[in-house]
Amino acid sequence: DTIDGKGKFVFPGLIDVHTHLREPGQEDKEDILSGSRAAVRGGFTTILAMANTQPVIDNRALVEFVRMQGERAGYAHIHPIGAVTKGMQGAELVEMSNMKEGGAVAFSDDGKNIHNAEVMRLALEYAKLTGLLIISHCEDKDLAGDGQMRRGVASARMGLKGIPASAESVIVARDLQLAEETGGRLHLAHISTVESVELIRRAKERGVDVTAEVNPHHLIFCDEEMGITDTFFKVNPPLGSRVDREALIEGLRDGTLDMIATDHAPHTQAEKTRPFAEAPFGIASLETALSAVWQHLVVPGRISMDRVIEAWSFSPAQRFGLQGGSLVPGSPADMVLFDPEFSEVIEPATLVSKARNTPFLNKTLQGCPVMVWVEGRLVQKNRTVL
Ligand code: DOR
Ligand code: ZN
Ligand code: ZN
């Protein structure tokens, strides 16, 4: 069979280093099968599963469970991220690690404890010894408090409790300093403020071993554009100002921000239709992220498609030590055919994720992955998961 690639892009299967697949424990929101189908529908052939499940992925058996469920699903490659928890010893991290033997690909906080500086420092010291990568979610829980969106003119106008930008950047500053002091390998998740970008830029100039990711929603939206009742824009870290958004785009262009990652955070309709203050944080984005970045950033000339592909495949492959991210002959063909003309209405009926919590619901997105291969096997064709 010949494939007509005229006017289309071919690139390596995308690698998403930040997804919440909710299994074990919250399978009403998503599970590993539905999440990996959503991944290949969106052009992702490798995804990293965050550790904040119920229970949290903090032992070897759970790491192996996530890996096994990923293999059973048989779509994207699923790599578990392990959790670092207060009171944990280095030996427990070792036991969970060694990816080649089925261990975790990196370590992150358990959703509660890495705001503890001592835990972070120990994890980074340990990372220095073993070469592990430590992911920080960069949130000061005290400063964030029970805020609902970014603190600023928009939160004041909407009468919603705000989360100050410093809730992120003080932890970015802290963790950069801890990485510098220990020599540990640090990865910063979902960077969303101008202050954070500036701190990372300066740390990289000093040679700190750090990479950082940015989410599509922070590159595309800002707090002033968010509707007060629309909980589909409620996300953590919250959408920033226009100034933040510009700084993030610039940071992605100049390499201060190394990667794009979705932070796919599926929730049920019941949860997301609660009043704003009671709805959970999170945007489900595996199926829309690439199209949204194409339409809102590449088409208007804000960023090049080459940079997008680099930041969503080569860069994560390198930093996380993964296969993929290349079309070198002989390597497994995790590959995408992307049609910039293909447009689609984002409808509940066509989404394969269990979640519908996307700001693009019932909107049209143009530019879609129309064929996706995992290890040479066609797993998505014309937007249908095979
Ligand atoms: O909005 C978010 N939701 N941000 C996160 O970092 C966590 C996620 C979740 O687990 O729902
Ligand atoms: Zn997070
Ligand atoms: Zn997350």
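At what angle do helix 12 and helix 13 pack, and how far apart are their axes?

Modeller: A caution first: this is a predicted model. Helix 12 and helix 13 (residues 305-320) pack at an angle of about 150 degrees. Their axes are 11 Å apart. The crossing of the two helices is right-handed.

Now the residues. Helix 12 contributes A289, L290, V293, W294 and V298 to the contact. Helix 13 contributes M305, V308 and W312. By class, the residues of this contact are 8 nonpolar, with no polar and no charged.

Helix 12 is mostly covered, with 8 of its 10 residues buried. Those buried residues are A289, L290, S291, A292, V293, W294, L297 and V298.

Setting aside residues up to four places away in sequence, S285 touches T262, D263 and H264.

Most residues other than glycine have a negative phi, and most peptide bonds are trans. D263 counts as buried because its relative accessibility is 5%, under the 20% cut-off.

Phi of C138 is near 50 degrees, a positive value in a residue other than glycine. C138 is in the loop between strand 6 (133-136) and helix 5 (141-144). At 5% relative accessibility, C138 counts as buried.

Two peptide bonds call for a check as well. The bond from N236 to P237 is cis, with omega near -5 degrees. P237 lies in the loop between helix 9 (216-220) and helix 10. A cis bond also joins E23 and P24, where omega is about 10 degrees. P24 is in the loop between strand 2 (14-19) and helix 1 (32-41).

E23 leads on to Q69. Leaving aside neighbours within four places in sequence, Q69 is in contact with E23 and I32. Q69 belongs to helix 2 (residues 60-73). Its relative accessibility is 15%, so Q69 counts as buried.

For another helix pair, take helix 4 (residues 117-130) and helix 7 (residues 166-182). Their axes come within 9 Å and cross at roughly 40 degrees. This crossing is right-handed. On the helix 4 side, the contact uses A117, M120, R121, L124, E125 and K128. These meet R174, D175, L178, A179, E181 and T182 in helix 7. The residues of this contact divide into 5 nonpolar, 1 polar and 6 charged.

Helix 8 (residues 194-205) has 12 residues. From first C-alpha to last, helix 8 reaches 17 Å, close to the 16 Å expected at 1.5 Å a residue. Its buried residues are S196, V197, I200 and A203. Viewed down the axis of helix 8, its buried residues fall within an arc of 130 degrees, so they line one face of the helix. An α-helix has 3.6 residues a turn, so residues three or four places apart point the same way. The cover over the buried residues of helix 8 includes helix 7, strand 9 (185-188), strand 10 (210-214) and helix 10 (242-254). After helix 8 comes G207, with a positive phi near 90 degrees.

Last, a strand residue. F107 is in strand 5 (residues 106-109). F107 counts as buried because its relative accessibility is 0%. Leaving aside neighbours within four places in sequence, F107 is in contact with I81, G82, A83, V84, L93, M96, S97, L132, L133, I134 and I135. T85 is 22 residues from F107 along the chain. The C-alpha atoms of F107 and T85 are separated by 10.0 Å.

Methods:
Residues numbered from 1 in each chain as written. Chains lettered and ligands numbered in written order. Predicted model: local features only at pLDDT ≥ 70, side-chain atom pairs only at ≥ 80, totals over all residues. Heavy atoms only, no water. Axes fitted to C-alpha atoms, helices over the stretch in contact; angles between N-to-C directions. Helix = DSSP H or I, 4+ residues; strand = E, 2+ residues; numbered from the N terminus. Left-handed = near helix turned anticlockwise from the far one by under 90°. Contact = heavy atoms within 4.5 Å. Nonpolar A, V, L, I, M, F, W, Y, C, P; charged D, E, K, R; others polar. Expected span 1.5 Å × (residues − 1). Buried < 20%, exposed > 50% of the residue type's maximum accessible area, 1.4 Å probe, protein only. Arc of directions from axis to C-beta.
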